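Please keep the structure open while reading.

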Amino acid sequence: MTYVINQNDLARLSAAVAGPVLAPGDEGYAAETAAWNTALVQRPALAVGATSAADVQAAVRFAAANALPVAMIATGHGAVVPADGALLVNLRRINGISIDARSRTATIGAAVPAQQLIQAGTGEGLALLAGSSPNVGVVGYALGGGISPTLGRLHGFAADHVSAAEIVSADGALRQIDAEHDPDLFWAIRGGMGNFGVVTSLTIGLVPVTRLYGGGLYFAGEHVEQVVAAFRGIAAAPPEELSVSLAFLRLRSGPAVPEPLRDRFSVHVRIAYLGSAADGERLIAELRATAPALLDTVAEIPYTAIAGIHSDPVEPTPTYEMSTLLREFPAAAAEALIAVAGPGVDTPAGVIEIRQLGGALARAPRVPNAVGNRDAGFQLSGAMFDAPGRAEEFRAPLAEIADAVAPWTTGGRQANFLTGYDTTAAAVARAYEPETYRRLAEVKSAVDPGNMFRINHNILPAPSGAA
């Protein structure tokens, strides 16, 4: 059913919130509804620019009264399902940070990007377990699990460090939740993403890190077999302080792309070591000696500079992605990946990454949460950066890459790495163990039985009376 805007209702909503309330055609509507992935164009019935939890409550109550689903956006990342016909709550104005150095925690607003918290924490000698893209919002990243390619193997998932949250549920109530207050809901949001309400504030633990030994080694495509073999050697039995990943790059010319990498196939090994530069140099010496590097940026760096390790895109761009988890990455899997995505292969994939997991990422957290599939040793992901409207065209090439390593996959996914191709109930369920998914569905049924929060990788409410 298409929502027909009632101007009197709209006026009441506008009076109830401090931020803008915009309908299609209004000035500012396009900017308020834009996602970071510009291949996704959103056309919500209304967009509310929330400035506080009270604004979010008013928006959710309005949606409930008008039978509208609620979608959320903060930094713009994570949107995979168009919010067409929904009420879209833009949280970007809720971006406060309060750091408690004594407890090593930060309480943050819904739209704080990782780099902002990294900068704020550095003065206290504390670091967020950030992902590879520090412009991603901390809250959405942590609610989906949060794999840090710098700190994760030593400290676990970002979700494991969340200690409290403020959330607006489908009834418009503002709930303060933690392990003692509303524990089922607190368990569910940490891994269950935005399925249970609008998180307006999060308290998350930080760890004492100021510097690390890290960066990237880039090699020409003709050395791919030797580099992959050296990567596998390093990843075979590393200390938990060391995290490595490997990427096949096909980068077009552009100001953000270093000249030696433009319009060619290259192999990028990403290094992050939480120890001395001398020890780090010894750990990667064999890799460095494998072949002449096109670029070598590995050095002791401040934690504030971790974005340079992966050098992920920072500007909004059309993006098409896939991911899968691997038990292991043996020589046969490497050969299979090179055969479908190595130099000389015609694939539109711009980045294909094998990321090492394990260590603390494989261990259960002190306070249980819904993050699943901790048994994987590696994660394969791929991304294509091209014009909007090409999702179906790129489905097969991305699937071919995943199929090549199928004999080594676990069958699971990480929730944060579910993509626009993973929106069915079956695909979402692969991010969780069966019992975890069943419990998530039960919590969903308890707090959002009408599935108001469904513009996402949706967890359906358990049927009434389900055991």
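Helices and strands here are DSSP runs, with at least four residues (H or I) for a helix and at least two (E) for a strand, and they are numbered from the N terminus. By that numbering, D182 is in the loop between β8 and α7. The model is predicted. The points below start with the sheet that contains β8 and then move to other parts of the chain.

**The five-stranded sheet**

- The sheet is open and has five strands in the order β5-β6-β9-β7-β8, with antiparallel pairing.
- Its edge strands are β5 (97-100) and β8 (174-177), each of which pairs on one side only.
- From one strand to the next, the twist averages 10 degrees.
- Four bridges connect β7 (residues 162-168) with β8 in the antiparallel sense.
- I167 has R175 of β8 as its bridge partner.

**Helices packed on this sheet**

- Helix α4 (residues 114-122) packs on the sheet and touches β5, β6 (105-109) and β9 (198-205). The directions of α4 and β5 make an angle of about 40 degrees.
- Helix α7 (residues 183-192) also packs on the sheet, where its contacts are β7, β8 and β9. The direction of α7 makes about 100 degrees with that of β7.

**Positive phi angles in two loops**

- Most residues other than glycine have a negative phi.
- R104 is not a glycine, yet its phi is positive, at about 55 degrees. This residue belongs to the loop between β5 and β6.

**Strand β12 and its partners**

- Strand β12 (residues 264-273) is mostly covered, with nine of its ten residues buried.
- On β10 (residues 211-220), the pairing with β12 is antiparallel and runs over eight bridges. A220 is bridged to S266 of β12.
- Strand β11 (residues 242-251) runs antiparallel to β12 and is joined to it by ten bridges. There, S245 has R270 of β12 as its bridge partner.

**Aromatic pairs**

- Five aromatic pairs are found in the whole structure.
- In the pair of Y320 and F394, the ring centres are 5.2 Å apart and the planes are at 65 degrees, so the arrangement is edge-to-face. The cut-off that matters here is an angle over 60 degrees.
- Y320 is in strand β15 (residues 319-326) and F394 is in helix α13 (residues 391-404), so this pair ties together parts that are 74 residues apart in sequence.
- Y320 has a relative accessible area of 5% and is buried. F394 is buried too, at 2% relative accessibility. Both classes follow because buried means under 20%.
- One aromatic cluster is formed by F231, F329 and F378.

**Arginines over rings**

- R190 lies over the face of F186, and its distance from the ring centre is 3.9 Å.
- R439 has its charged end over the ring of W187, 3.8 Å from the centre of that ring.

Key
Residues are numbered from 1 along each chain as its sequence is written. This is a predicted model: local features need pLDDT of at least 70, side-chain atom pairs count only at pLDDT 80 or more; totals for chains, interfaces and linings use all residues. Side-chain values use heavy atoms; hydrogens and water are left out. Two strands pair if DSSP finds at least two bridges between them. Axes are lines fitted to C-alpha atoms, for helices over the stretch in contact, and angles run from 0 to 180 degrees between N-to-C directions. Contact means heavy atoms within 4.5 Å. Rings of Phe, Tyr and Trp (its six-membered ring) pair if their centres lie within 6.5 Å; planes under 30 degrees apart count as stacked, over 60 as edge-to-face and the rest as tilted. Buried means under 20% relative accessible area, exposed over 50%, partly exposed in between (1.4 Å probe, protein chains only). A charge sits over a ring if NZ of Lys or CZ of Arg is within 6 Å of the ring centre and within 35 degrees of the ring normal.
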